[in-house]
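Colleague: Could you walk me through how to read a few features here?

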Amino acid sequence: MTDKLIIFDTTLRDGEQSPGASMTRDEKLRIARQLERLKVDVIEAGFAASSNGDFDCVKSIANAIKDSTICSLARANDRDISRAAEALQGAANARIHIFLATSALHMEKKLRMSPDQVFEQAKQSTRFARNLMGDIEFSPEDGYRSDMDFLCRVLEAVIDEGASTINVPDTVGYAVPELYGNFIKTLRERIPNSDKAIWSVHCHNDLGMAVANSLAGVQIGGARQVECTINGLGERAGNCSLEEIVMAVKTRKDYFNLDLGIDTKQILAASRMVSQTTGFVVQPNKAVVGANAFAHASGIHQDGVLKARDTYEIMRAEDVGWSANKIVLGKLSGRNAFKQRLEELGVQMESESEINAAFSRFKELADRKSDIFDEDILALVSEESVLNDKEQFAFVSLAQHSETGERPHAKVVFTVAGQEVRGESDGNGPVDASLKAIESHVKSGAEMVLYSVNAISGSTESQGEVTVRLQNSGRVVNGVGSDPDIVVASAKAYLSALNKLQSKSDRVAAQG
Ligand code: KIV
Ligand code: ZN
């Protein structure tokens with residue numbers, strides 16, 4: 001007999017809380033579709049009450065996704081819960097996820113509430129939510145640092161009120177595996193109605209133990225839901241990484257003896273999509289999805305793998321979606337082949353005119369670059385925000401001159417609210433000159449806190465993918481741009497970040 005382990009993905013909620021990882025509605029929708037293809041059981045689509053933008057994202061995802069349960073986070077109050085329920089109306093399967101802090105520190109310093117007040121609010125809000133929806137999850141925020149007796153009292157009460165999933169967050173990543181596993185076990189043993197709920201783990205990675213702690217919560221504690229994110233994206237050092245937990249449970253089925261609904265072949269596509277959308281580059285030695293995860297550099301290892309693959313490989317690269325860099329399309333490929341490849345990559349375009357626009361960008365790229373890989377296509381569609389003149393800022397063209405011994409100079413043409421403008425500047429290098437040329441016109445005053453370039457498919461023939469992180473008035477955003485010319489890619493990334501600075505309103509933070 002095996003049990004099923006429920007995979008609850010929170011890339012679009014907790015992942016997005018990572019500074020600079022904010023995503024537009026269309027980006028979130030595209031990722032949600034990929035999560036559905038990956039067959040995650042639950043997608044936490046956002047925090048509907050935190051802003052109108054988030055409400056819209058949850059609503060669009062709830063309307064579009066049919067196979068996964070769609071969840072919205074809500075604070076333990078009637079307004080947040082009603083907003084979540086409203087955003088989730090169109091979902092085939094919906095869940096409201098209520099959170100309320102229970103540690104003495106959070107109750108006293110953050111909430112300024114007594115334990116009795118927290119107890120009452122937890123009960124009352126769960127009852128309110130349960131009257132609106134059948135599937136309710138309750139999280140005692142900072143649960144792992146809460147007093148055991150008090151936590152048992154609160155969790156017993158919310159299960160009585162109808163919470164069907166109890167999630168135990170290690171909000172600040174303080175746990176160690178054995179202690180966290182035993183913490184969940186004790187809760188389940190001490191709470192009389194614990195068998196009426198599915199127990200869930202939610203671990204942050206501040207000490208690098210989020211995956212280990214989650215696995216201990218499953219194995220020692222008996223949890224049957226894991227909350228995780230693609231690439232481990234999330235607040236501070238991030239969350240438990242989906243790809244790692246899934247492949248650990250699958251590869252060591254002999255030990256965990258758990259079933260998963262996940263289509264692991266979709267893991268790499270999901271990882272790349274999240275990385276390209278947020279600009280958070282995946283480190284080469286990252287387990288499962290890093291560029292080196294299946295590369296054998298030493299002669300002894302290569303020899304071993306050639307003789308018998310399992311000498312040095314415990315998983316098959318193709319099982320998580322790796323394949324040799326395939327040339328998928330070229331200059332002569334037609335619109336139908338392009339459209340089909342988009343579908344295979346899980347990119348859904350809303351209208352024929354969007355496909356036409358993407359196809360003409362593909363043709364432009366194919367004129368300049370003979371072989372087009374999947375990565376190029378994904379980069380091309382994720383550039384929507386700088387090539388679409390419906391956005392505030394859209395790239396048009398760039399000219400720059402650099403020569404040894406001379407100060408580089410750039411002229412950039414772009415549109416601002418549909419009007420063509422030009423900026424011109426010198427700089428320390430051609431990239432610096434181009435971004436200063438844009439800034440000379442826009443005068444955003446934003447501070448650049450990160451600039452990075454990555455070759456999309458490995459060689460100098462590939463497109464450069466640039467990430468620019470800007471900070472302005474306490475807000476941090478990432479912009480991503482790609483082009484075979486890295487100066488152009490940089491200008492696109494800068495404009496994309498400016499668009500995000502413009503479009504994202506401030507939100508309520510989940511950890512107060
Ligand atoms: O880490 C945390 O405590 C959370 C809760 C909102 C579930 O993300
Ligand atoms: Zn969290």
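Modeller: At 2% relative accessibility, His204 counts as buried, because buried means under 20% relative accessible area, with exposed over 50% and partly exposed in between (1.4 Å probe, protein chains only). This is a predicted model, where local features need pLDDT of at least 70, side-chain atom pairs count only at pLDDT 80 or more, and totals for chains, interfaces and linings use all residues. Residues are numbered from 1 along each chain as its sequence is written, chains are lettered from A and ligands numbered from 1 in the order in which they are written, and side-chain values use heavy atoms, leaving out hydrogens and water.

Colleague: Which residues coordinate the zinc ion (ligand 2)?

Modeller: Donors are N, O and S atoms within 2.8 Å of the metal (3.2 Å for Na, K and Ca); water is not among the atoms, so sites may look incomplete. Here Asp14 (OD), His202 (NE2) and His204 (NE2) coordinate the zinc ion at 2.0 to 2.1 Å. Their spacing in sequence is D-x187-H-x1-H. His202 also counts as buried, at 4% relative accessibility.

Colleague: Which side chain of opposite charge is nearest to Arg469?

Modeller: Lys and Arg count as positive and Asp and Glu as negative; His and the chain ends are not counted. A salt bridge needs a side-chain nitrogen of Lys or Arg within 4 Å of a carboxyl oxygen of Asp or Glu. Arg469 is buried yet has no salt bridge, and Glu447, the nearest side chain of opposite charge, is 11 Å away.
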